[in-house]
Number of protein chains: 2
Amino acid sequence: MNINDRVEKYININEVVPRDGLQNESIILPTKDKIALINQLSYTGVKYIEITSFVNPRWIPSLADALEVAKGIERVPGVKYAALVPNLKGLERALKAEVDEVSIFLSASETHNKKNINKSINQTYPILREVAKEALAAGKTVRAYLSTVFGCPYEGSISVDQVVAISEILFDMGIRELSLGDTVGVAHPSQIEEVLEVLLNRFSAKGFAMHFHNTRGMAMANVLKSLDMGIVSFDSSLGGLGGCPYAPGASGNLATDDLLYMLHGMNIQTGIDDNRLVKVACYIQEKMNRKLPSHSLRSGC
Amino acid sequence: MNINDRVEKYININEVVPRDGLQNESIILPTKDKIALINQLSYTGVKYIEITSFVNPRWIPSLADALEVAKGIERVPGVKYAALVPNLKGLERALKAEVDEVSIFLSASETHNKKNINKSINQTYPILREVAKEALAAGKTVRAYLSTVFGCPYEGSISVDQVVAISEILFDMGIRELSLGDTVGVAHPSQIEEVLEVLLNRFSAKGFAMHFHNTRGMAMANVLKSLDMGIVSFDSSLGGLGGCPYAPGASGNLATDDLLYMLHGMNIQTGIDDNRLVKVACYIQEKMNRKLPSHSLRSGC
């Protein structure tokens with residue numbers, strides 16, 4: 001009955017604000033501010049920062065300075081600096097940028113994948129396999145994002161079998177971790193339980209991260225349920241910045257600052273210093289020039 | 001492991017928007033709009049509506065029309081119409097208004113209670129006992145609110161022993177249900193578990209309701225944990241309207257519409273029709289002339 005008897009006492013937080021948080025914002029943060037943001041994050045105790053995306057800048061102009069950002073930041077020992085990579089061309093730039101890990105991505109929904117990268121899921125596999133192979137050969141680790149796992153804005157529900165089949169293929173590519181995305185924020189705790197029960201029957205819990213959006217206010221309850229199922233890795237975005245540009249109605253990543261309030265309150269360690277993190281949240285809120293969705297920031301900076 | 005094996009399949013929702021939602025708003029809703037709000041709510045399937053407060057209108061001017069509201073609404077069979085009552089004078093008005101149930105209230109924190117009603121906890125008991133006795137004699141049921149159960153803005157943490165002792169005294173007054181309030185929204189799931197574990201060792205889970213504020217984004221996770229502990233009754237406010245006027249920094253009741261998204265998604269019944277309820281949420285959002293905190297309303301009305 002006691003959740004504390006089951007959940008791990010140390011949870012990995014993957015801070016995605018420099019990439020997922022900024023990619024869809026109308027304000028394009030200057031390169032020097034992105035570098036300042038990442039450098040500040042590096043000293044909060046967070047062990048993983050997704051610093052940018054090497055997707056074609058025509059698609060995501062706000063992250064066109066990926067190489068400059070990666071080259072400009074301080075590399076703090078113990079912090080893993082990762083970037084999103086869509087294909088070999090992106091990988092080439094990412095390797096030049098000397099990131100520690102690359103993240104490949106795919107959608108569990110055919111329609112969403114098509115709208116996102118103009119390819120079917122089956123057409124996407126060879127590209128991802130090639131990127132993963134080359135990245136591993138270059139001594140990098142590889143992570144994968146699987147989006148719309150809990151529902152798609154175009155197709156509605158997504159079969160768990162589909163998620164299992166895709167996971168199998170992605171793990172076979174040698175990925176270190178698979179981030180399961182609730183891209184449009186439709187998941188509720190029972191669904192988390194149902195999907196994870198099937199997945200964890202087949203794969204280790206340590207192979208997954210959860211990536212929740214707070215669109216319907218469910219993110220924190222879904223984290224609680226995921227902890228309960230043995231998940232030890234969560235993506236979150238400082239201040240709750242970000243969403244998915246290809247998912248209508250999607251808004252608000254789970255806020256790192258809110259997540260820490262819950263985890264630290266529950267005596268689960270993350271290695272992150274709350275006070276330092278909130279200062280960085282205030283920095284980015286000021287730069288974005290609007291109230292961010294995070295609850296922790298509402299009481300003021 | 002499966003939460004659905006433990007939690008009840010039917011949960012009582014206590015809709016508090018006409019009282020807790022409106023009491024602290026700068027816009028004073030005209031009496032006819034309050035009546036329209038309650039009448040619409042009565043047809044959503046909700047079984048419990050706290051329609052107003054018989055606190056001295058000098059304290060809560062926005063609810064000065066308590067009697068007119070109570071007299072003006074339609075009484076739909078199967079719906080319990082309740083009101084907040086601070087003392088015998090308030091009870092007299094509530095009885096005249098023919099409410100079904102009266103709610104008495106107290107804070108678990110001495111300082112908060114003093115600031116709220118200018119009396120110590122011990123000085124408050126005889127007043128509550130008298131109200132409860134008279135209400136029961138008049139054939140009404142009695143409910144109690146205990147605020148700052150999980151933390152006080154003035155005193156910080158509140159001892160569980162204090163909560164147990166107060167609960168004992170309140171149950172002895174013949175109350176039907178005790179609503180445990182996280183008035184400033186500081187609670188996290190482990191704390192819910194710790195407090196409920198002690199309380200439910202002594203009292204039946206059926207005797208409690210949980211009253212969460214979403215100040216730090218914890219409300220939904222706390223509901224999930226409470227369900228897990230066997231709680232079957234939750235207070236919530238349509239659109240997330242309301243807070244506590246005497247608790248600095250407090251904001252946003254748990255939104256009924258968001259709560260239903262989770263409960264119904266988890267196959268837990270409430271008897272409430274989501275679509276009808278969202279229409280009422282849109283009605284009150286329009287009347288309040290601002291974006292309400294509910295997540296469900298963000299996708300538009």
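Author: I begin with burial: a residue is buried if 20 or more other C-beta atoms lie within 10 Å of its own, exposed if 12 or fewer, and partly exposed in between, with C-beta atoms placed from the backbone. This is a predicted model, in which local features need pLDDT of at least 70 and side-chain atom pairs count only at pLDDT 80 or more, while totals for chains, interfaces and linings use all residues. Residues are numbered from 1 along each chain as its sequence is written, and chains are lettered from A and ligands numbered from 1 in the order in which they are written.

Reader: Is A:Asn118 buried or exposed?

Author: A:Asn118 counts as exposed, because its C-beta neighbours inside 10 Å number 9. It is found in the loop between helix H6 (110-117) and H7 of chain A; helices (H or I, at least four residues) and strands (E, at least two) are DSSP runs, numbered from the N terminus.

Reader: What is phi there, at A:Asn118?

Author: Phi of A:Asn118 is near 60°, a positive value in a residue other than glycine. For B:Asn267, phi is near 65°, also positive in a residue that is not glycine. B:Asn267 sits in the loop between helix H11 (256-265) and helix H12 (274-288) of chain B, and it is exposed, with 11 other C-beta atoms within 10 Å.

Reader: On to the sheet, then. In what order do the strands of chain A close into a barrel?

Author: The 8 strands of chain A close in the order E1-E2-E3-E4-E5-E6-E7-E8, with parallel pairing; two strands pair if DSSP finds at least two bridges between them. From one strand to the next the twist averages 25°. Axes here are lines fitted to C-alpha atoms, for helices over the stretch in contact, and angles run from 0 to 180 degrees between N-to-C directions.

Reader: How many bridges join E4 to E5 in chain A?

Author: Strand E4 (residues 101-107) and strand E5 (residues 141-147) of chain A run parallel and are joined by 7 bridges. A:Ser103 stands opposite A:Arg143 of E5(A), and A:Phe105 has A:Tyr145 as its bridge partner in that strand. Helix H7 (residues 121-137) of chain A packs on the sheet, touching E4 and E5, and its direction makes about 170° with that of E4(A).

Reader: And what does A:Arg143 stand opposite in E6(A)?

Author: That residue is A:Glu177. E5(A) and E6(A) pair in the parallel sense over 4 bridges. E5(A) is mostly covered, with 6 of its 7 residues buried.

Reader: How many residues of E7 in chain B are buried?

Author: In strand E7 (residues 208-212) of chain B, 5 of the 5 residues are buried, so the strand is largely enclosed by the rest of the structure. In a regular strand the side chains alternate between the two faces of the sheet. Here B:Phe208, B:Met210 and B:Phe212 point one way from E7(B), and B:Ala209 and B:His211 the other way. Strand E6 (residues 177-182) of chain B pairs with E7(B) in the parallel sense over 5 bridges, and B:Gly181 has B:His211 as its bridge partner.

Reader: Which residues have the most contacts inside the largest nonpolar core?

Author: They are A:Ala83, A:Val102, A:Val223, B:Ala83, B:Val102 and B:Val223, in a core of 188 residues. A nonpolar core is a set of buried Ala, Val, Leu, Ile, Met, Phe, Trp, Tyr and Cys residues joined through C-beta atoms within 7 Å. Leaving aside its neighbours within four places in sequence, B:Val223 is in contact with B:Met210, B:Phe212, B:Phe234, B:Leu259 and B:Met262; two residues are in contact if their C-beta atoms, placed from the backbone, lie within 7 Å.

Reader: Finally, the dimer contact. How many residues does each chain give?

Author: The contact takes 29 residues from chain A and 29 residues from chain B. Helix H1 (3-6), helix H9 (189-202), helix H10 (219-228) and helix H11 (256-265) of chain A each supply at least two residues of the side of chain A that touches chain B. Of the interface residues of chain A, 100% are also interface residues in chain B, so the copies meet through the same surface.

Reader: What rotation superposes the chains?

Author: A rotation of 180° with 0.0 Å of shift along its axis superposes chain A on chain B, with RMSD 0.0 Å. The two copies are thus related as by a two-fold rotation axis. In chain A, the C-alpha nearest the axis belongs to A:Ala221, 2.0 Å from it. Copies are superposed by least squares on the C-alpha atoms of residues with pLDDT of at least 70 in both.
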